[in-house]
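Please look over the sequence and the 3D structure below before reading on. The text after them is a guide for someone who has not seen this structure before.

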Amino acid sequence: MGTTAGLTRRQFLRVSGLAGGGLLLATWVEPFGSALGGATAFAAEPGAGFTPNAFVRIAPDGRVTITAQNPEIGQGVKTMLPMLIADELDVDWKSVTIEQAPLDTVRFQNQLAGGSTATPNHWLPMRRAGAVARALLVAAAANTWGVPASECRTASGVVRHPASRRSLPYGKLLAGAASLPVPDPETVKLKDPADFKIIGTRVPGVDNPAIVRGQPLYGIDMSVPGMLHATFVKCPVFAGKVAGANLDEVRSQPGVRHAFVVEGGAALNGLLGGVAIVADSWWAARRARDTLRVTWDEGATAEQGSSTFAERAAELTRAAPQRSLRLDGDPTAALASAHRVVEADYAYPFLAHAPLEPMNCTAHFKDGALELWALTQTPQRGRSLVASTLGIPEDRITIHLTRGGGGFGRRLNNDYLVEAAWIAKEIGVPVKLLWTREDDFQHDFYRPAGFHHLRGGVDAGGRLVAWRDHFVSFGEGERFAPSAGISPNEFPARFVPHFALDVSVMPLGVPTGALRAPGSNGLAFVFQSFLDELAAAAGRDPVQFRYDLLSAAEQGDGEGPAPRFVAARMRGVLERVAARSGWGKRSLPSGTGMGVAFHFSHRGYFAEVVQASVARDGAVRAEHVWVAGDIGSPIINASGGEHQVQGAVLDGLGAALGQEITIERGRTVQAGFHEYPLLGIRQAPPVEVEFVASGFPPTGLGEPALPPVAPALCNAIFAATGTRVRSLPLSRHSLARDTR
């Protein structure tokens, strides 16, 4: 392997003495948990600053500072990843302080938030960082006492020699530890899980006190001296251009300092054309915006809309598929000879990310350098976008990562960063760009809509023998629009002897992107609902039908760059959730039913049961949700893990019940939460969570618990009413029951 930023695999860890007598430990984390090498000692010059790559800093008083490298958007990595280091370092959590790192590609790799990758990427590297530090401190104490290191023990930031009853706190060992050669991290013994003191416990989020007290943490809180405030108005039709605007009238408004046209480009995830208004206050900029009148060149996307997409999807469904992604056996013959055949059309809508904190970024351009304060899930990609758009070298751009008030995939795109940067470069003083709520809804990167025409067949024994899906999505040729695709291995591929997955696509000018559990959040609804239809056609219990399907699996090891679905792990969570929910054993009143679903995504196996009731007027209420998940073991932060699952379930319920984005004449109709309702507290059911421990290393948790809840809810509605829901959201359906 070559070098990255001048560092090789052999330079995984460094230790140096700090001015003031502290100890600095650093780590180089290679992408996706690659193999890690050893290291050599590194001594700083007296009085020198911090050495790049710092993760751990120990002060003479024993206080430990751990750097959190990944962006924090509510998923808990600012707490969870430092827990790994602290436990292996063997210090008390109360003695630890967490600092958020800025973007720094010399010190860090994988400095991002997305794809539930933080845990699998950092499970071993972070533990090794703590374990190497502990080994150095133990060696320093052993040298001081003239005893073998193997006779020493650590606890609560203290090295002890039980035989002689001597002890030294870490703060007294820093100089000695800094002078030692660093051991190869792969050879340093990690803790036995039975000895974990922090990992596996319930640890509150490190930012919780500041959040409760309302202290500034988020990008929206940012303020720098001399800062102005900006709003940026883009064409309602995506990628439209400014043809004319009443800028003189806008400039005459109270408090307005600047108003100018930004030409922009055509890339939906870059700088688009619009009008920037800069004022002394946000309110002044917002009021001036109300006076803005723009003539837009709307472009070809103005011809697109949700109704035209649906019409075109229906045409494509009736035509021959454009291409085949997978073909196993002979589905045509198997369907012709099947005992029962079910045919159905399913659809799901565009969805918005709808984070509570709108997009924002504070920027200051001075002396050829640019400083940004914002939360971005992909800061390195954001810096590259800004650099290429503004013609600024990347090493002249600094990004300070704030906490994010939600992301869910929206902040994977960095359009708001490049807008703020462009405005700051234009005016030459600090400026905070803050989107309105309407901007946030109407200029999102939406979860793509999707359409499926399905046919499935069961034999006389009730077994699923044939499956054909004609998936109609968005894209051009063999290229899908962002997050609009499907894998040829998507379940139930490999589980049905005669299986076909066909695809047709249509062009799209609407920006799309990853939303929590991308792809899976729509596909699970379709496939797990259709499985229920097939179970009903076969006269089988839905859980038993799934057991039988899983028993026919082609086994895989589940590991590698693209983990394969392992049937035994899914069966394990399905068994647990069936037992926990009392599946088949509950006596339910009329109008109430239970539904089940499972899904594998982002290395996580989740099965969920929803108990729901449908009132006579058609009102749907999710009464209880049971969840069983297998993401390996241990669950690093038991509190954060449980909350992530509960949040994912409630998020999925809200989307299923009433959320959709509709496009008319190339523009988004919905403009706020009044038209895109989040789940209310009175709608939120109890969510019981159980994790199934397995022998696999722990994986991510932000996404995989979401996909099963929508199909489980819709399957519960069928059990309660006999009505099958084949499109979302539920608010579009009349589920009123006959009261005669």
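The paragraphs below take up a sheet, its helices, some salt bridges and the nonpolar cores.

The model is predicted, and local features need pLDDT of at least 70, side-chain atom pairs count only at pLDDT 80 or more, while totals for chains, interfaces and linings use all residues. Residues are numbered from 1 along each chain as its sequence is written, and side-chain values use heavy atoms, with hydrogens and water left out.

Begin with the sheet. Helices (H or I, at least four residues) and strands (E, at least two) are DSSP runs, numbered from the N terminus, and two strands pair if DSSP finds at least two bridges between them. Seven strands make up an open sheet with mixed pairing, in the order β11-β12-β9-β19-β16-β17-β18. The edges are β11 (256-262) and β18 (397-401); each has a single partner strand, so one side of each has no neighbour in the sheet. From one strand to the next the twist averages 20 degrees. Within the sheet, β16 (residues 360-366) and β19 (residues 431-434) are antiparallel and pair over four bridges. In this pairing T362 stands opposite K432 of β19.

Helices lie across these strands. Angles run from 0 to 180 degrees between N-to-C directions, and axes are lines fitted to C-alpha atoms, for helices over the stretch in contact; contact means heavy atoms within 4.5 Å. Helix α6 (residues 282-291) lies across β9 (228-234), β11, β12 (274-279) and β19, and runs at about 30 degrees to β9. Helix α9 (residues 379-390) lies across β17 (369-374) and β18, at about 145 degrees to β18.

Turn next to charged side chains. A salt bridge here is a side-chain nitrogen of Lys or Arg within 4 Å of a carboxyl oxygen of Asp or Glu, and the whole structure has 35 of them. One of these joins K197 to D90, with the closest N and O atoms 3.4 Å apart. K197 is in the loop between α3 (174-178) and α4 (208-213) and D90 in the loop between α1 (77-89) and β5 (96-100), so the pair ties together parts that are 107 residues apart in sequence. Are the two partners buried (under 20% relative accessible area, 1.4 Å probe, protein chains only), exposed (over 50%) or partly exposed (in between)? K197 is partly exposed at 48%, whereas D90 is buried at 6%.

R667 and E298 also form a salt bridge, at 2.7 Å from N to O. Because R667 is in strand β28 (residues 667-668) and E298 in the loop between β13 (294-297) and α7 (306-318), this pair ties together parts that are 369 residues apart in sequence. R667 is buried at 16% relative accessibility, and E298 is partly exposed at 27%.

In another salt bridge, R411 meets E357 at 3.6 Å, N to O. Both R411 and E357 are buried. Salt bridges with shared partners also join D87, D90, K191 and K197 into one network.

Last come the nonpolar cores, each a set of buried Ala, Val, Leu, Ile, Met, Phe, Trp, Tyr and Cys residues joined through side-chain atoms within 4.5 Å. The largest has 84 residues, and L464, W467, L534, L550, F565, L574 and L713 have the most contacts inside it. Helix α12 (residues 520-538) gives the most to this core, nine residues. Apart from this core lies another, of 48 residues, including A118, W123, A133 and L173.
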